[in-house]
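Subject: Structure handover

Hello,

Here is the structure for your files. My notes follow below it.

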Amino acid sequence: WAPKGVVIQCRIRRHKTGTKRMFPQYDLILESPETFLLAARKRKKSKSSNYLVSLDSGDLARDSVSYVGKLRSNFLGTAFTGYDNGEAPDKARIGQDVRTELCAILYESNLLGFKGPRKMTVLMPAMRQDGSPHVWRPESQNRGLIAMYKAGERREMLVLQNKSPVWNEETQSYVLNFNKRVTQASVKNFQIIHADNPNYIIMQFGRVGDSEFTLDFRYPMTAVAAFEVCLSSFDGKLACE
């Protein structure tokens with residue numbers, strides 16, 4: 001995860017030419033010094049959205065040694081869970097690690113077609129006093145971050161949300177202050193905060209070009225979890241637009 005007091009500034013580049021048009025690849029790159037960190041691509045033939053995250057931009061196979069995690073959505077694309085590279089509890093064989101949940105993202109359904117800004121909630125394992133995160137390794141789906149949040153059992157859980165944009169009469173749009181890190185308006189742009197400290201931006205993401213985006217994150221966010229939150233924003237949502 002990001003060290004305390006440091007903002008990690010990155011770019012996300014989307015590649016959707018040729019065979020990648022339907023299933024774009026996303027590369028996460030540290031800005032200074034420019035360094036490739038992670039790549040992700042949506043899996044084909046999945047019933048719901050399913051993204052693989054890899055340490056190698058040229059190797060996005062599920063059985064690769066470079067595979068570090070995945071992001072999976074519900075059918076409507078309104079709820080996502082980000083995992084590490086472990087196996088599902090019902091598929092793990094003896095000696096295999098059961099997957100841990102790194103984050104979960106909930107988008108408020110927008111079935112009435114209201115064109116306001118998206119509302120999102122980000123769930124993460126809470127940090128212990130020694131600065132390490134709780135390990136969230138549920139043995140079944142009904143003990144995962146989303147299920148426990150909905151059940152009101154939120155101990156050892158960090159509940160974050162996107163900062164509400166303010167309506168700007170001059171531009172006739174909802175705006176956030178990204179301190180010049182975001183240059184183009186987009187429904188995908190967001191800042192994530194904790195309700196107790198709305199001025200501490202834990203992560204922010206936004207468009208700077210047709211296929212280029214900035215991602216800045218800080219403690220207690222990790223690179224993989226921040227990338228997975230952004231991938232959920234890229235995904236086409238049936239019920240949130």
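How many helices and strands does the protein chain have? There are 2 helices and 14 strands, taken as DSSP runs numbered from the N terminus (helices H or I, at least four residues; strands E, at least two).

Ground rules. This is a predicted model, with residues numbered from 1 along each chain as its sequence is written, and local features need pLDDT of at least 70. Side-chain atom pairs count only at pLDDT 80 or more, while totals for chains, interfaces and linings use all residues; side-chain values use heavy atoms, leaving out hydrogens and water.

Overall form. The C-alpha trace spans about 60 × 45 × 40 Å along its principal axes. Of the 241 residues, 48% are buried (under 20% relative accessible area, 1.4 Å probe, protein chains only; exposed is over 50%, partly exposed in between).

Strand β12. β12 runs antiparallel to β9 (residues 157–162), with 2 bridges joining them. Strands pair if DSSP finds at least two bridges between them. Asn-162 has Ile-192 as its bridge partner in β12. On to β13: 3 bridges join it to β12, again antiparallel. Phe-190 stands opposite Phe-205 there.

Aromatic pairs. The count is 6, with rings of Phe, Tyr and Trp (its six-membered ring) pairing if their centres lie within 6.5 Å; planes under 30 degrees apart are stacked, over 60 edge-to-face, the rest tilted. Phe-190 and Phe-205 make a tilted pair, 5.4 Å centre to centre with 35° between the planes. Phe-190 is buried at 3% relative accessible area. Phe-205 is buried too, at 0%. Ring pairs link both into a cluster with Tyr-26, Phe-213 and Phe-234.

Charges over rings. The charged end of Arg-99 sits over Tyr-83, 3.9 Å from the ring centre. Arg-154 lies over the face of Tyr-149, at 3.9 Å from the ring centre. The test is NZ of Lys or CZ of Arg within 6 Å of the ring centre and within 35 degrees of the ring normal.

Best regards
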